[in-house]
Amino acid sequence: MDSLICYLPNKVNIYEFDWLFLTQPPKRYWEETENTDQRRPEEEQGTAVQNQNKSTVKERSLKRKNGESLEKKDPFSGEAPIPHKQLQKFQRGEKYKVPAGARQRLKEAIISSEAMSELAQKQAARYDLLLPEDAGFLEGDEDEDTNTISQDDIADAADITSGSKVYVIAFSLYLLKKLQIQKNVFVCNRHLLVGGKKGHVACIDWQSKDLMCEMNVMETVNDVKWLHTEAMFAVAQKRWLYIYDSKGLELHCVKKFNDVLRMQFLPYHFLLATASATGFLQYLDVSVGKEIAAICTKMGRLDVMSQNPHNAVIHLGHPNGTISLWSPNQKEPLVKILCHRGAVRSLTVDKTGTYMVTSGLDRKLKVYDIRAFKPLHSCFLPAGASCLSLSQRGLLSAATGDIVQVYQNVLGSSPVSKPYMAHRLQGQIWGLAYCPFEDVLGIGHGEGFTSMIVPGAGEPNFDALDTNPFRSSKQRQEWEVKALLEKVQPELIGLDPGQLSKVDQASFEQRHKEHVEALGFDPLAKDKFKPKTKKKGRSSAGAIEKRKRKVAHEDQRDKIRQTVQERTERDKEQKEKSNEKKNLGNKSTLDRFRK
Amino acid sequence: MVKPSSLQKTLSKGVKLTSAMAVESGDEDDLSINEQAISASEDEEGSDDERKHKKLLEAISSMGGRKRKKQSERSEASVQVSEFFVNAEGTGEKVNISDLLGTVEKTSGAANKTKKQLRNLQNSKGTLALPLNKQQTEKIQRGIAYEKTTKEVSCWQNIIVQNQKAEQIVFPLNQESLGPKQVEQVVAGWKAQTPLEQEIFRLLHSNSHPVNDPVLTPVEEASLKAMSLEEAKIRRAELQKTRALQSYYEAKAKREKNIKSKKYHKIQKKGKRKEFLKQFEEMVKTNPEGALEELKKMELSRMEERMSLKHQNSGKWAKSKAIMAKYDDSARKAMQEQLQMNKDLTQKIVVPSDDEHESNEEGLETVPDFVNDPEPIIDPVNPWMRVQLTHEEPEVSCVTTDEPQTAEQENEEEELIGEFERKRKLRQADEEDLIPTEEQKPESEVVEEDVVEVSDKEEEEEEEDEEEEDVSEFNTLFRLMRNEKTLEEDEEGLLNEGQIRVRNIEDLEILDEDVDPQPIVDHGEQISIIKEAFAGDDVISDFIKDKRKQEAAGKPKVVDLTLPGWGEWGGVGLKPSRWKRKRFRIKMASSPPRQDRKLPDTIISENRNTSIASHQVSQLPFPFQNTAQFESCIRTPIGQTWNTQGVVKKMTKPKVITKLGAIIAPMVKEDFINKTTTSAGKGPAIMLGENKRANKGREWSSAKHQGRRGSQKRKKQQT
């Protein structure tokens with residue numbers, strides 16, 4: 001076991017840094033200059049002028065000492081070159097060239113915007129340097145599979161803080177009769193929320209292992225979810241949806257949401273999406289406490305649910321093997337994909353919204369590219385996967401019976417061969433959740449809760465403006481206000497999150513139609529024809545009818561005329577064609593020589 | 001000069017100058033004498049000698065025949081002299097220019113210029129035009145005024161445009177920067193004013209002493225630049241040599257140019273060509289890019305040659321030579337040469353490079369061989385038939401003609417089913433063959449008949465591929481037909497599938513047991529669940545039905561406008577006539593193709609997301625001409641989430657910044673006019689050494705501190 005290299009770079013722990021450097025120091029920009037060397041002379045020309053002032057100081061001192069070194073130049077003059085790969089990472093769309101013959105104003109607008117976007121891209125690439133942490137990995141000896149390495153060995157090899165992350169909470173000992181199965185696990189930064197099938201709910205600080213609250217709701221708990229902060233969580237109980245605070249105080253009982261089986265929280269929209277046993281998909285705006293949408297899916301019991309973090313679309317798995325994608329703005333599924341021949345058991349979507357992993361009763365594990373809605377590859381799991389979870393770095397954990405298998409490089413074109421890690425637990429596994437920014441996987445199973453170290457699972461670099469795992473309560477409060485101000489409206493949820501930046505191409509008619517739909521009447525509609533009353537017996541019923549008939553169906557008449565005209569033209573063409581064909585058919589072979 | 005009309009006006013009051021003038025001219029001499037007499041009497045008291053002497057001199061001068069001096073004073077000869085005006089004598093009589101002119105000519109005092117003018121006036125016969133009326137004069141004046149003002153105002157144009165284009169304007173303009181200033185900045189605006197300072201600067205300049213501490217003093221630089229005597233001598237010799245060479249070369253070129261012999265030039269050209277070829281070969285090795293260019297040139301010349309009739313023996317000369325060729329050997333040779341030239345020029349240039357290229361070229365060369373070969377006879381019945389008119393495959397076409405629509409509709413379904421079935425078959429690994437394998441033979445035969453036999457192996461392989469494709473197509477069609485025939489069979493198949501699945505699961509259980517030492521407790525339960533799940537419906541057919549329904553809903557509907565009972569009998573059991581139905585049923589335009597038309601296992605909703613439309617831009621903003629331009633301009637987000645702090649600040653920079661509490665005075669003309677002039681060329685009075693750095697700093701500071709100087713000027717003006 002001494003040759004085992006276990007490496008858990010956790011940018012979170014500063015103590016681990018020196019240990020990290022032993023194996024591989026983080027890459028610095030000058031290490032990647034090989035491929036940028038060719039570009040250097042060009043850049044130098046550009047930057048030489050700017051940095052003349054800087055360089056002269058150095059040069060002068062050199063020259064004064066020995067006259068020969070007049071030609072010497074600063075080897076690192078100018079800005080540090082940015083590797084092409086890094087630049088590409090931050091590219092947003094194609095560069096637009098100024099069309100020939102464009103007007104001056106247009107030219108200026110395009111040029112300035114292009115310059116700005118280029119600057120943004122360059123700066124972002126340059127600042128990428130500030131994310132030096134690398135994800136860890138597990139490396140076995142020669143002829144040693146990494147999946148045979150046990151958690152104890154990893155804990156021993158890793159540093160103390162990382163090792164301490166492996167623990168088991170045996171709830172069954174604590175609440176022997178009431179709690180049998182840990183049904184759901186949900187992790188919010190460093191806080192763990194556990195709900196038992198028999199009504200046991202507990203919040204635990206992940207790292208300090210402090211118990212924040214523990215209670216029994218005396219009802220079946222179907223699902224638990226943290227809301228936007230660790231101060232509140234939602235529990236889907238047997239009948240209604242409840243919201244508690246972190247001390248276990250009941251804040252709300254939302255009776256509009258009944259028989260909820262699964263929940264998903266969309267953090268940027270402040271929406272709690274719930275899927276119920278009655279086939280309803282409901283959205284609750286937790287910032288204002290309003291039901292945004294209630295969609296009857298007509299798909300039966302909804303007990304498989306996931307969200308696409310990229311575009312906030314809800315994925316539902318159905319017993320007929322299909323997966324449907326929903327937004328609160330449409331009453332019908334955006335997309336319906338037939339994934340499995342049996343019922344869908346579990347599904348998960350990766351962080352970038354590119355891949356979806358599903359498992360079904362047909363014991364297949366399928367990876368889909370949900371941009372193209374095409375399966376990339378599928379593999380056969382002997383026991384089938386009851387639970388799936390993707391980590392921030394794309395490690396897939398699948399619960400097969402009482403074994404948790406972790407797969408690497410699932411999200412790609414190559415099929416999965418063997419698991420990266422495996423861990424056996426007591427009893428059936430009911431819930432899996434990765435801890436964000438940590439290399440830890442939380443597993444809820446029949447005997448309680450177990451955490452498992454999975455090197456390379458967590459994203460090593462976090463954005464403190466977005467989610468800071470170390471934020472203080474003050475910071476949390478400020479973040480909350482900011483997040484509420486920046487809340488994304490539910491209307492913007494759709495398959496393409498970039499839709500907003502596109503021009504609405506719909507024709508005037510379409511727009512008008514929507515306007516009519518919104519208003520309930522047509523503001524531009526023509527009034528019905530009312531014939532004037534005329535004297536001297538000319539307003540008799542017959543005459544009025546005659547006059548009415550003159551203008552009746554005018555629009556339709558036009559259309560009819562048009563279609564008739566089109567049809568006659570088409571017929572003519574067809575006739576001509578057939579004539580030609582006939583002629584061709586009548587032609588003798590020697591006709592070809594005729595001119 | 002005075003216009004004659006106005007002259008007349010002034011004279012119309014009755015000033016009769018003519019007569020007076022005449023009188024005057026007559027009495028001129030007497031008057032002068034009188035005057036002189038008076039003056040003499042007055043000066044009696046002065047020295048007599050002097051006077052006498054003067055008088056004498058005058059007398060002598062008067063005797064000389066020269067005209068006397070002109071009178072400095074002009075007297076009016078009139079009877080009554082009013083206090084205010086010259087009274088008119090003989091009113092009504094007009095003054096003619098000739099009258100004036102006659103006297104003027106005589107008078108010596110009148111300036112030559114006025115004389116000339118008057119003479120010109122006399123000569124000009126035409127009457128003068130009337131003065132313009134008020135409106136017209138005003139119009140002209142307005143026009144001139146407009147031009148003037150536009151000129152005045154247009155000098156603002158530049159600054160306005162500049163400000164419009166500016167990313168940011170800070171008001172009030174010409175703010176002085178706070179905080180400590182750079183030394184150069186301060187020094188740039190400073191002038192040597194006191195004599196002492198001026199003296200010092202003069203000294204510094206004369207010695208070209210650096211003020212700013214550069215690397216080398218100018219003197220040092222000069223000494224560095226200076227050469228030693230030997231070097232200078234060598235250089236001079238070099239220069240002399242080059243000059244001599246140049247002159248030789250020029251002379252030679254001139255001489256050669258003057259040579260008129262055609263033969264000489266021909267030989268010369270040939271030599272040059274040879275040389276060039278030699279060089280080219282070298283060039284290929286050393287400078288491939290240059291060689292490529294040369295190659296292009298050669299290619300171009302080849303093209304030109306191919307286009308033109310030159311060297312084709314079609315010209316006048318060639319024709320004459322052709323006649324002679326029979327008898328004249330030299331003529332024949334000349335013609336041969338011409339043809340050779342043509343051949344040389346039109347020959348394709350072969351680049352000696354990679355082996356692949358060579359092989360390609362060989363291939364190219366070999367290709368034309370088939371032209372000479374007899375054409376392969378395709379149809380033995382009809383030898384004239386070179387090309388097949390139609391490529392229809394009889395069997396397939398007959399199937400499609402039977403049910404073309406259904407084939408299209410169920411194609412996807414078939415794909416899906418096919419996919420699943422293929423997989424199942426793989427799993428089963430059964431010995432069962434595909435049913436239409438028997439049909440494979442006739443199909444392939446047909447194909448073989450159609451396809452021209454080619455000897456190449458590769459082509460044969462391709463053919464086989466084609467055959468396979470055809471077969472697969474046939475398979476799908478066959479399955480389609482079978483599907484339609486019997487649903488029962490399908491059900492049976494499904495049942496079979498279920499059995500297979502179960503078997504598989506059981507198999508896998510064994511596998512599981514192999515893998516896991518501990519038996520899984522709830523497997524029995526699981527199996528029952530699976531069975532339950534698969535017991536009911538067929539997942540795939542349901543899905544296909546669903547998809548078809550969606551497609552049907554999306555398809556354009558036929559609008560029925562028939563009005564039963566109109567123009568014919570209506571009632572229960574009576575249908576509108578066929579003609580009417582045909583006439584008033586309108587098919588709507590077909591909708592665009594579905595997004596999921598190529599994804600058999602996916603249904604994508606075609607409904608438009610209307611909720612987002614209200615947030616989208618629906619009309620293009622001003623300078624953009626199409627959506628792509630606009631979208632590209634807004635593609636980069638400006639928020640903090642996606643950008644670095646600096647970029648966000650730059651992107652969200654306000655267009656106008658005003659200083660709180662500061663009065664924003666209107667722009668003064670001097671400010672920007674000065675700006676443009678000084679920044680263009682004029683520098684400050686003092687040059688602080690020749691250091692570039694100093695210059696740079698100065699320029700920058702001068703540009704920044706225009707405003708201060710401007711304000712100073714303004715103050716001066718006010719005082």
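**Figure 1. Packing of H13(B) against H15(B) in the predicted model.** The axes of H13(B) and H15(B) are 8 Å apart and the helices pack at an angle of about 130°. Helices here are DSSP runs of H or I with at least four residues, strands are runs of E with at least two, and both are numbered from the N terminus. Axes are lines fitted to C-alpha atoms, for helices over the stretch in contact, with angles from 0 to 180 degrees between N-to-C directions. H13(B) and H15(B) are therefore oblique to each other; angles under 35 degrees count as roughly parallel, over 145 as roughly antiparallel, 65 to 115 as roughly perpendicular, and the rest as oblique. From H13(B), Ser301(B), Arg302(B), Glu305(B) and Arg306(B) meet Asn342(B), Leu345(B) and Thr346(B) of H15(B), where contact means heavy atoms within 4.5 Å. This contact of H13(B) with H15(B) has 1 nonpolar, 3 polar and 3 charged residues. Ala, Val, Leu, Ile, Met, Phe, Trp, Tyr, Cys and Pro count as nonpolar, Asp, Glu, Lys and Arg as charged, and the others, Gly among them, as polar.

The model is predicted, with local features needing pLDDT of at least 70 and side-chain atom pairs counting only at pLDDT 80 or more, while totals for chains, interfaces and linings use all residues. Residues are numbered from 1 along each chain as its sequence is written, chains are lettered from A and ligands numbered from 1 in the order in which they are written, and side-chain values use heavy atoms, with hydrogens and water left out.

**Figure 2. Crossing of H12(B) and H13(B).** Helix H12 (residues 262–286) and helix H13 (residues 288–307) of chain B have axes that come within 7 Å and cross at roughly 135°. H12(B) and H13(B) are therefore oblique to each other. Their crossing is left-handed, that is, the near helix is turned anticlockwise from the far one by less than a right angle; clockwise would be right-handed. On the H12(B) side, the contact is made by Phe276(B), Phe280(B), Met283(B), Val284(B) and Thr286(B). H13(B) contributes Pro288(B), Gly290(B), Ala291(B), Glu294(B), Leu295(B) and Met298(B). The contact of H12(B) with H13(B) has 8 nonpolar, 2 polar and 1 charged residues.

**Figure 3. Crossing of H14(B) and H15(B).** The axes of helix H14 (residues 316–325) and helix H15 (residues 329–346) of chain B come within 8 Å and cross at roughly 135°. H14(B) and H15(B) are therefore oblique to each other, and H14(B) passes H15(B) in a left-handed crossing. The residues in contact are Trp317(B), Ala318(B), Lys321(B), Ala322(B), Met324(B) and Ala325(B) from H14(B), with Ala331(B), Arg332(B), Ala334(B), Met335(B) and Gln338(B) from H15(B). By class, the contact of H14(B) with H15(B) has 8 nonpolar, 1 polar and 2 charged residues.

**Figure 4. His311(B) in the loop between H13 and H14 of chain B.** Phi of His311(B) is near 60°, a positive value in a residue other than glycine. His311(B) is buried, with a relative accessible area of 12%. Buried means under 20% relative accessible area, exposed over 50%, and partly exposed in between, with a 1.4 Å probe and protein chains only.

**Figure 5. The cis peptide bond from Phe171(B) to Pro172(B).** Omega of this bond is near -10°. Pro172(B) lies in the loop between strand E1 (169–171) and helix H8 (183–188) of chain B.

**Figure 6. Arg363(A) in a loop between two strands of chain A.** The loop runs between strand E21 (355–360) and strand E22 (364–369). Phi of Arg363(A) is near 65°, a positive value in a residue other than glycine. Arg363(A) counts as buried, at 3% relative accessibility.

**Figure 7. Gly93(A) and Ser117(A).** Gly93(A) lies in the loop between helix H4 (84–89) and helix H5 (104–127) of chain A. This glycine, Gly93(A), is partly exposed, with a relative accessible area of 44%. Gly93(A) and Ser117(A) are 24 residues apart in sequence and 9.9 Å apart in space, C-alpha to C-alpha.
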